[in-house]
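Welcome! Please keep the structure open as you read.

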Amino acid sequence: MIFESFVTGSRDNFVRWAYSRTGSMDDAREAANEAFLKIYVRWDDVLASENADAFAHKILKDVVADILRKRDRRPYSLVGLAFDPSASPINRAPAEEIDQVALRLQVYKAVEALPHQQRVCVTEHYLLDTPIDQIARRMGITASTVRSHLDAARTALAEVFGVPSEPSDEKGVTG
């Protein structure tokens, strides 16, 4: 029962995270399923661990690394997520859409250039819509540390894009 609840509550996040690294929904689903199988086999260890979410996420990260290694690929860059494979050819796109694609690419490249912890927090919170508390549990850090990473990342990104950095609404807020 507990394992089934864990799978139900984690499946979407596992698939989204795996997709952000593999760039393939099929690979992402395969990774999530394989991770859940490995988690099931080690369920007693997961429950006995200090941080079950972090333990389970580590298993998922290892499975994704194995899938990428088997396919001789590097982790997928967020830059690739900017394009919809069904999009019309660029010569037919209005100028505003082309500008949006260029801006998205700049944002994704800027996020990829952030320090690891900031990049993970930004990716999970803003791109994968993961709540701060869940990111904190998964990373084995406090929610306030996640908010600090997000605040530092926002400041760095504002500097990259030459916009004034505004105080965060999330700072000091639980959630």
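Residues 24 or more positions apart account for 63% of those contacts in the protein chain that have a separation of 6 or more, where a contact means heavy atoms within 4.5 Å. This is a predicted model, in which local features need pLDDT of at least 70 and side-chain atom pairs count only at pLDDT 80 or more, while totals for chains, interfaces and linings use all residues. Residues are numbered from 1 along each chain as its sequence is written, and side-chain values use heavy atoms, with hydrogens and water left out.

The protein chain has eight helices and zero strands, so its elements run α-α-α-α-α-α-α-α from the N terminus on, with helices (H or I, at least four residues) and strands (E, at least two) taken as DSSP runs and numbered from the N terminus. Of the 175 residues in the protein chain, 35% are buried. Here buried means under 20% relative accessible area, exposed means over 50%, and partly exposed lies in between, with a 1.4 Å probe and protein chains only. The accessible surface of the protein chain comes to about 10700 Å², and 54% of that belongs to carbon and sulfur atoms. Such areas come from the Shrake-Rupley method with a 1.4 Å probe, and for residues only the protein chains shown count as cover.

**Helix α4**

Let us look at one helix from end to end. Helix α4 covers residues 52–70, which is 19 residues, and reaches 27 Å from its first C-alpha to its last, close to the 27 Å expected at 1.5 Å a residue. That expected span is 1.5 Å times one less than the number of residues. At the start of α4, a side-chain oxygen of Asn-51 comes to within 3.3 Å of the backbone nitrogen of Asp-53. Just after the helix, Asp-72 takes a positive phi of about 55 degrees.

Which helices do the buried residues of α4 pack against? They pack against α1 (2–22), α2 (25–41), α6 (116–127) and α7 (132–139). Among these buried residues are His-57, Ile-59, Leu-60, Val-63, Val-64, Ile-67 and Leu-68.

**Salt bridges**

The structure holds seven salt bridges, each defined as a side-chain nitrogen of Lys or Arg within 4 Å of a carboxyl oxygen of Asp or Glu. Three of them are listed here.

| Salt bridge | Distance, N to O |
|---|---|
| Glu-34 and Lys-38 | 3.8 Å |
| Asp-66 and Arg-69 | 2.6 Å |
| Glu-124 and Arg-138 | 2.5 Å |

Glu-34 and Lys-38 both sit in helix α2, four residues apart, about one turn of the helix. Glu-34 counts as partly exposed because its relative accessible area is 21%, and Lys-38 is partly exposed at 35%.

Asp-66 and Arg-69 both belong to helix α4, three residues apart, again about one turn of the helix. Asp-66 is partly exposed at 25% relative accessibility, whereas Arg-69, at 57%, counts as exposed.

**Around helix α7**

Leaving aside neighbours within four places in sequence, Ile-135 is in contact with Cys-121, Glu-124, His-125, Thr-130 and Val-146. Ile-135 and Glu-124 are eleven residues apart in sequence, and their C-alpha atoms are 7.1 Å apart in space.

Asn-13, found in helix α1, is also buried, at 11% relative accessibility. Not counting residues up to four places away in sequence, Asn-13 touches Thr-130, Gln-134 and Arg-138. A polar contact of 3.2 Å joins the side chains of Asn-13 and Gln-134. A polar contact is a pair of N or O atoms within 3.5 Å; within protein, one must be able to donate a hydrogen and the other to accept it, and residues adjacent in sequence count only if both atoms are side-chain atoms.

**A nonpolar patch**

Leu-103, Val-107, Val-160, Phe-161 and Val-163 make a nonpolar surface patch of about 390 Å². Patches are made of residues with over 30% relative accessible area and no salt bridge, and nonpolar side chains (Val, Leu, Ile, Met, Phe, Trp, Tyr) are joined within 5 Å, like charges within 9 Å. Helices α5 (95–112) and α8 (143–161) each supply at least two residues of the patch.
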